[in-house]
Amino acid sequence: MKYYDKLIFELSRPGRKGYELPADNYGHDSMAELPADLLRKEDLNLPEVTELDVVRHYTNLSNKNFGVDTGFYPLGSCTMKYNPKINEEVAAMPGFASLHPLQNPDTVQGALELYYNLQHALSSLSGLAEFTLNPYAGAHGELTGLMVMRRYHESRGDSKRTKVIVPDSAHGTNPASAMVAGLEVVEVKSRPNGSIDIEDLKPLLDDTIAGIMMTNPNTLGMFETEILDIAKLVHEAGGLLYYDGANFNPLLGRVRPGDMGFDIMHINLHKTFSTPHGGGGPGSGPVGVAEHLREFLPNPRVRKTDDGRFYVDFGKESLGSVSTFFGNFGVMMRAYAYILSLGKEGIRNVGPMATLNANYIKENLKDDYLLPIEGVCKHEFVFDGLKDKSTGVTTLNVAKRLLDYGFHAPTIYFPLLFHESMMIEPTETESIETLDEFIDVLHKVAKEARENPEAVKDAPLTTAVRHLDETGAAKKPILTYKALQAEA
Ligand SMILES: *Cc1c(COP(=O)(O)O)cnc(C)c1O
């Protein structure tokens, strides 16, 4: 172990210091100003280290992380595309970054204009009439969209509609959001290619259905060709169609959910529109609605007067507010910078390039990996593990072995339609050299699995930590040094 791989408490030496508390403006020791009963009686158990120790500790720790800026990150459904650094520069501009949400609208016209323009850009890309940018993430957008759905039915006195149909292949957040929104989840089966089974759908459509949640292309990356028929059936039954926009990347500038018949959708700005995500960082899940649902969108809203001024509005029929103020403004700035830098033509190339990359990987690996669904996929696809199952090497083993070769693993064991799912999404931002290297490595791992399966099962060999007890980490996390000592 390298010296600075030690825990910071192990680097600690009594009396070592990396800080000095400032005296206050009057030259007093700051501590002296605190009332005696608020003063700590015992010292806090903090590591005693120098500033240089702290810098090295955190820098070394950050180098153990894997990110899009470190290497290829084909995490299916998550759209881990490159985040251009110009986005960061824009988001850090002090004129925006130093704003306070309670400032008088007259003093923040530029920020309101950005919000307004981004709303309109999303409307023109999606074919939906109006967007709110307030929700904080995809799942939060789902909840907001489903609250719009409920408000719509309630406003018509249609209180029986309490069920929402969700395909068995859906992302876990879909049924979860439906539950949180107070709706009952009814599952509809997928056909083997992941598309919705219309015959299974028909009997579910009655006057208790509030709507259906779908994504297109579906979770297996296949385009739902019968979407217009599905939309017709759901609308005839009085329900609404919700589009989970996490799969919007392949459609950008080419196909619009609004034109497919969807009434409500969310977009993950932090996936499709390239802002850093993962690890719980800030996200943004704008929700768009068709004309007849506009009035139910959350407050506050940004509007424009005829003479070009922007103001903040609170609608009376609105479902209320879902966030403090306007949501994660920094993420919106990054997304807006990304849209403007690509421009209309650039945006139209995103989907085809992402689709080409996904099909290139799929076709080059299907000799060694089991492809359950043949045919052209969109921006992502799913393998059902290694073709040769006799070696006992699982999708988990392959995923861990990839880390040894410097690639992040794909999404594994999702969707639940297959036992050994590996969901691969390369995005449009990768070069052919990176894709070729990834394909070579996955072939190499398949060969290792045939020739020396035990070695693959032992992976990863080169990462900072090796075999993690993932269940233990989730059920009994050890988050402090004290807890670690108690464990030992
Ligand atoms: C990522 C994702 C979500 C949820 O988005 P969050 O921002 O993580 O809440 C929902 N549906 C699908 C298909 C996704 O890939």
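The lining of the largest pocket divides into 20 nonpolar, 9 polar and 6 charged residues. Here Ala, Val, Leu, Ile, Met, Phe, Trp, Tyr, Cys and Pro count as nonpolar, Asp, Glu, Lys and Arg as charged, and the others, Gly among them, as polar.

This is a predicted model, in which local features need pLDDT of at least 70 and side-chain atom pairs pLDDT 80 or more, while totals for chains, interfaces and linings use all residues. Residues are numbered from 1 along each chain as its sequence is written, and side-chain values use heavy atoms, with hydrogens and water left out.

**Pocket and cavities**

Rolling a probe the size of a water molecule over the atoms shows where empty space is left. The search uses a 1 Å grid over the protein atoms alone. A cavity is a set of points where a 1.4 Å probe fits but cannot get out. A pocket is an open set with protein on both sides within 12 Å along at least five of seven lines. Lining residues have an atom within 4 Å of a point. Points are joined across faces, edges and corners, and a volume is the space filled by probe spheres set on them.

The largest pocket has a volume of about 1200 Å³. It has 35 lining residues, and the closest to its centre are Lys64, Thr463, Ala464, Val465 and Leu468. Helices α2 (51–63), α13 (395–404) and α16 (470–475) each supply at least two lining residues. Of the elements, α13 gives the most, with 4 residues. Helices (H or I, at least four residues) and strands (E, at least two) are DSSP runs, numbered from the N terminus.

There are 2 cavities of 30 Å³ or more.

| Cavity | Volume | Lining by class |
|---|---|---|
| Largest cavity | about 70 Å³ | 5 nonpolar, 6 polar, 1 charged |
| Second largest cavity | about 50 Å³ | 8 nonpolar, no polar, 1 charged |

Pro167, Ser169 and Met213 are among the residues that line the largest cavity. The lining of the second largest cavity includes Leu220, Lys362 and Phe418.

**The ligand**

Which residues surround the ligand? They are Ser77, Ala137, Gly138, Ala139, Glu142, His171, Thr173, Asp244, Ala246, Asn268, His270 and Lys271. Each has a heavy atom within 4 Å of it. By class, this shell has 3 nonpolar, 6 polar and 3 charged residues. Helix α6 gives the most, with 3 residues.

Polar contacts are pairs of N or O atoms within 3.5 Å. A nitrogen atom of the ligand is 2.6 Å from an N or O atom in the side chain of Asp244. A polar side-chain atom of Lys271 lies 2.7 Å from a ligand oxygen atom. A polar backbone atom of Ala139 is 2.8 Å from an oxygen atom of the ligand.

**Backbone features**

Most residues other than glycine have a negative phi, and most peptide bonds are trans. Ser77, in the ligand shell, has a positive phi of about 80 degrees although it is not a glycine. Ser77 sits in the loop between α2 and α3. A cis peptide bond joins Phe414 and Pro415, with omega about 0 degrees. Pro415 is in the loop between β11 (411–412) and β12 (421–424). The bond from Ala459 to Pro460 is also cis, with omega near 5 degrees. Pro460 lies in the loop between α15 (453–457) and α16.

Key
A polar contact is a pair of N or O atoms within 3.5 Å; within protein, one must be able to donate a hydrogen and the other to accept it, and residues adjacent in sequence count only if both atoms are side-chain atoms.
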